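Here's a quick briefing to read alongside the model.

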Amino acid sequence: MATVDKEALHRKYREERDKRLRPDGNDQYIRLTGRFAHYLDDPYTPVTERAPKTDHVTVAFIGGGFAGLVTGARLKEAGVEDVRIVEKGGDFGGTWYWNRYPGAQCDTASFVYMPLLEETGHMPTEKYAHGPEILEHCRRIGKHYGLYDNALFHTEVLDLTWDEARSRWTIRTNRGDAFTAQFVAMGIGPLHVPKLPGIPGLDSFQGHAFHTSRWDYAYTGGDPSGAPLGRLADKRVAIIGTGATAVQCVPHLARACQELYVFQRTPSSVDVRDNRPIDPQWFAEVTATPGWQQRWLENFTANQAGGLADEDLVMDGWTDIARRFRSRIRGIPRAELSQETMLAAFEDADFEKMEEIRARVDAVVRDPDTARRLKAWYRQLCKRPCFHDEYLQAFNVPGTHLVDTDGKGVERITEKGVVAAGREYEVDCVIYASGFEVGTDYTRRAGYDLVGRGGLRLSEHWADGMRTLHGVHVHGFPNAFIVQPTQGANLISNIPHNLTEAGRTIAVTVRHALDHGYAEVEPTKEAEDAWVELLLSGAGPLLGSPDCTPGYYNNEGRDPGLKGRLNVGYPHGAMAYFGYIDQWRRSGDFDGLAFRSGEIGT
Ligand code: NDP
């Protein structure tokens, strides 16, 4: 990498970051409430009337995405039949229910991204499956495990309160339900509340507007499987945002619109995708040995997150990041191996990768000025890495215009269109690819607060940051579990792997409580404190250091304080966490949990 001027790159990265830092951080975005609430309407499934539920179930799960499906599946496998999933969408799928924009596709290889392939016998059709196939797979899991039987769709939880006298949770919803559950688990997803940029004039626009997570095919024509967006042929369309969503849908818009304006604040890094169909014969060979998916999962994690795998089964952009790093580490003489030399090796690998990604822009995009503006100037993991083989190419399509705002963003929305860099662009439609709430509090994103033992609210317990045991159990909230990556493996490159492991942990814990007639299970304060202390002893947040350009990986570039320091994973890495938690489950000791006997009230 002799040609890289590291000092110049450091300077450039800092300049680009500084340009984008803003005092309002997460507050720059607006919530979709009040006059913006219609942006959340479900365009896919009509709401059907039903009678409110006032019964009792063994386990209630809030969220019908991958988290609810994999936990529901593990519970059913453990013989816990009475599971009720409560979901705000009209079907299972979570992010794949809502995000039906054209081109939606998984960014992590299907074999490791799509859960329960082995159990359901499904062969993904592509290395990176498209949205409709993943949504169908969610339905397949729901059917396979009988999770539809007791599910409540188009239902939002408003209130979740621990009933101390009866050792159970009362769940109230926006559909008038008031049922009880011995156990509750929550998998609300880190990215399920869409947000809009807080720019003046948003509601003055007289044309059509929607968020990418509520794609309006009635307006655009086409369908989620990629049929041409036929109704846009005479339309001028603005898309605001250039994150992972825009990268996937811009090529479809570029093909369809009369004029497409892509409003960019920060370019994404867009590496090679190299998607391809799965060969059934090869699939048969790979899957011939039972336990194949677990082996692939572990191999991906070992390659991606600090293991020492001999082979790389997935071989893609995610594992490439780690492969380069490892090969540089191997080049350091043993005597010189230190944290400093390792960090330097990591940085060198990153500079090399990002130089390649920037060179790719020049190789693909014909207009040199557009190419210059599409280059990302930050380390690859400062923002969500993107992978696509048609996004950069879209800027060669006549009628597709990049409107780069040099880090400032769109200034205003008017009756007629979008104002950026001092110019008004008149359009018929504005599509917001502006992302989802991430850095906001869990309870704000959930839409309800948990009221646990002695009236303790989760928002109070977590006022200074998240506190859990293993990322799953919370002291003060008996018989409640959360399913998400933080304070566990925190494996960002393959979120479902975190969820399947949490599902296993919950199933084992619930089974144990039921088998022994325990009314309650809760982590001890000591165990939770010790886990939090262990987390704080680590190197700190892996993603998006404060030096990075702002984004949701680094709390929009603002110091998140203790909250941010708690927003981490197991200090020894994802691979080590999965090993640790597997041992914990196998031991049968339930170390850190207190089970209490007692009558389960009626
Ligand atoms: P992001 O939050 O990644 O992107 C939002 C975009 O809106 C950014 O480009 C942001 O710019 C831009 N923006 C915000 N405010 C303004 C403004 N005022 N003017 C102009 N632009 C603005 O949202 P996405 O929906 O793209 O992705 C969210 C996440 O969802 C991904 O990071 C990924 O984790 C997940 N995802 C996964 C996919 C997959 O696995 N296949 C596909 C799609 C999404 P800036 O960068 O400057 O903040």
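Cys 382 and Cys 548 are both buried. Keep in mind that this is a predicted model. These two cysteines pair up in a disulfide, with 2.0 Å between their sulfur atoms.

**The disulfide**
- The count of disulfides here comes to one.
- The Cys 382–Cys 548 link is left-handed, with -70° about the S-S bond.
- Cys 382 sits in the loop between helix H13 and strand E12, and Cys 548 in the loop between helices H18 and H19, so the bond ties together parts 166 residues apart in sequence.

**Cysteines to check off**
- Cys 138 is buried, because its relative accessibility is 0%.
- The closest cysteine sulfur to that of Cys 138 belongs to Cys 106, and at 11 Å it's too far for a bond.
- Cys 257 is in no disulfide either, as its nearest cysteine sulfur, in Cys 429, is 8.0 Å away.
- Cys 257 has 9% relative accessibility and so counts as buried.

**Helix H1**
- H1 covers residues 6-20 and spans 21 Å from first C-alpha to last, close to the 21 Å expected.
- Its buried residues are Leu 9, Tyr 13, Glu 16, Arg 17 and Arg 20.
- Those buried residues of H1 fall within an arc of 100° seen down the axis, so they line one face.
- Helix H12 is part of what covers them.
- Asp 5 caps the N-terminal end of H1, with a side-chain oxygen 3.2 Å from the backbone nitrogen of Glu 7.

**Thr 170**
- You'll find Thr 170 in strand E5, and it counts as buried at 12% relative accessibility.

Key: Residues numbered from 1 in each chain as written. Predicted model: local features only at pLDDT ≥ 70, side-chain atom pairs only at ≥ 80, totals over all residues. Heavy atoms only, no water. Helix = DSSP H or I, 4+ residues; strand = E, 2+ residues; numbered from the N terminus. Buried < 20%, exposed > 50% of the residue type's maximum accessible area, 1.4 Å probe, protein only. Expected span 1.5 Å × (residues − 1). Arc of directions from axis to C-beta. Contact = heavy atoms within 4.5 Å. Polar contact = N/O pair within 3.5 Å; in protein donor to acceptor, adjacent residues only side chain to side chain. Disulfide = S-S within 2.5 Å.
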